[in-house]
Amino acid sequence: MPQLRLLALLGCLVATAWAGSDPRAGIVGGRKAGRGAFPFLASIQHRGRHFCGGALIHRRFVLTAASCFQVRNPGIATVVLGAYDLKRRESSRQTFPVRNISRNGYDPQQNLNDVLLLQLDGEANLTNSVALVVLPAQNAMVEAGTSCQVAGWGVSGRRRRLSRFPRVINVTVTPEDQCRPNNVCTRVPSRRGGICQGDGGSPLVCNGLAHGVASFSRGPCGKGTDFFARVALFRDWIDSVVNNPSAEPVWGL
Ligand SMILES: *[C@@H]1O[C@H](CO)[C@@H](O)[C@H](O)[C@H]1NC(C)=O
Ligand SMILES: *[C@@H]1O[C@H](CO)[C@@H](O)[C@H](O)[C@H]1NC(C)=O
Ligand SMILES: *[C@@H]1O[C@H](CO)[C@@H](O)[C@H](O)[C@H]1NC(C)=O
């Protein structure tokens, strides 16, 4: 119990740092992803600037982190699918305003339930560059020691700039006693690596399934444990939302 409180407190402090003035978080210690390697990866942008990642889980819905919108109104976001080089206009891209959003009990103090669904104002076309990621079944577990991947355009180096291309890193799921029940946690064994500013909302993919949504990390980027919202706890809720899409844009999101 004391350990849970400690983690929650640390989570709270770091979550504030992430979600406050600069909710953008990036991959440290990874490698440049190949073009088309993560066709489900969305870049969530404001006025053409990336600030969070997301995952296309349905032709009309992107799963991201609620903390990405702590200081931003979702109504101002655009969702960019099929992106690779953030400095170019790419013909592979499909860009959408947000029609509606759904949260499920997000608690910014404890940084719990850090998930948010963005309904796109339209339907994505599935192409070589735009594809859906598969979600785990409700309550499916991912075992400690499992190797997973996380990719994003977040900060990768000391210059604190976003990455021009998505970067990817292989990470390992930690034992439960280094995590919280509502999270999936990862580390990179024996070297520096992990998520950083600009990777918030990016999916953690384990055995082909999006088991996590990048939420926060303890300590400096790439040095501590990374915390992801545990997607399997939200599968039934996600299904209920995607099966009842809004017909019209919702104002004042
Ligand atoms: C999807 O494909 C249709 C038919 O080719 C096209 O009219 C539409 O603009 C495409 N949508 C996007 C978002 O690219
Ligand atoms: C990372 O994981 C992928 C998928 O499991 C695997 O194919 C690849 O070899 C791994 N790469 C490294 C550098 O460990
Ligand atoms: C927008 O989403 C919320 C949350 O899922 C839902 O309750 C609401 O009915 C939706 N709005 C419309 C107009 O469909």
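Two strands pair if DSSP finds at least two bridges between them. The exercises below apply this to a predicted model.

**Exercise 1.** Decide which strands pair with S10, and in what direction they run.

Solution. Start with strand S9 (residues 167-173): two bridges join S9 to S10. The cut-off is at least two bridges, and S9 and S10 run antiparallel. In this pair, Thr-172 has Arg-187 of S10 as its bridge partner. Next take strand S13 (residues 226-230), which is joined to S10 by four bridges and also runs antiparallel to S10. Here Val-184 stands opposite Phe-228 in S13. Finally, consider burial: S10 (residues 183-187) is mostly covered, with four of its five residues buried.

**Exercise 2.** Trace the strand order of the closed barrel and examine the link between S2 and S5.

Solution. The barrel has six strands in the order S2-S3-S4-S7-S6-S5, with antiparallel pairing. Neighbouring strands of this sheet are turned by 45 degrees against each other on average, direction ignored. Between S2 (residues 41-46) and S5 (residues 78-81) there are three bridges, and these two strands run antiparallel. Ser-43 stands opposite Val-80 in S5.

**Exercise 3.** Describe the residues that surround ligand 3.

Solution. List the shell: Asn-100, Ser-102, Val-241, Ser-246 and Val-250. Then sort these residues by type, which gives two nonpolar, three polar and no charged.

**Exercise 4.** Find where the model calls for caution.

Solution. The chain averages a pLDDT of 88, and 89% of the residues score at least 70. Over residues 1-25, however, the pLDDT is below 50. Where pLDDT is low, the predicted coordinates should not be read in detail.

Key
Residues are numbered from 1 along each chain as its sequence is written. Chains are lettered from A and ligands numbered from 1 in the order in which they are written. This is a predicted model: local features need pLDDT of at least 70, side-chain atom pairs count only at pLDDT 80 or more; totals for chains, interfaces and linings use all residues. A residue is near a molecule or strand if its C-beta atom, placed from the backbone, lies within 6 Å of it. Ala, Val, Leu, Ile, Met, Phe, Trp, Tyr, Cys and Pro count as nonpolar, Asp, Glu, Lys and Arg as charged, and the others, Gly among them, as polar. pLDDT is the predictor's confidence in each residue, from 0 to 100. Two residues are in contact if their C-beta atoms, placed from the backbone, lie within 7 Å. Axes are lines fitted to C-alpha atoms, for helices over the stretch in contact, and angles run from 0 to 180 degrees between N-to-C directions. A residue is buried if 20 or more other C-beta atoms lie within 10 Å of its own, exposed if 12 or fewer, and partly exposed in between; C-beta atoms are placed from the backbone.
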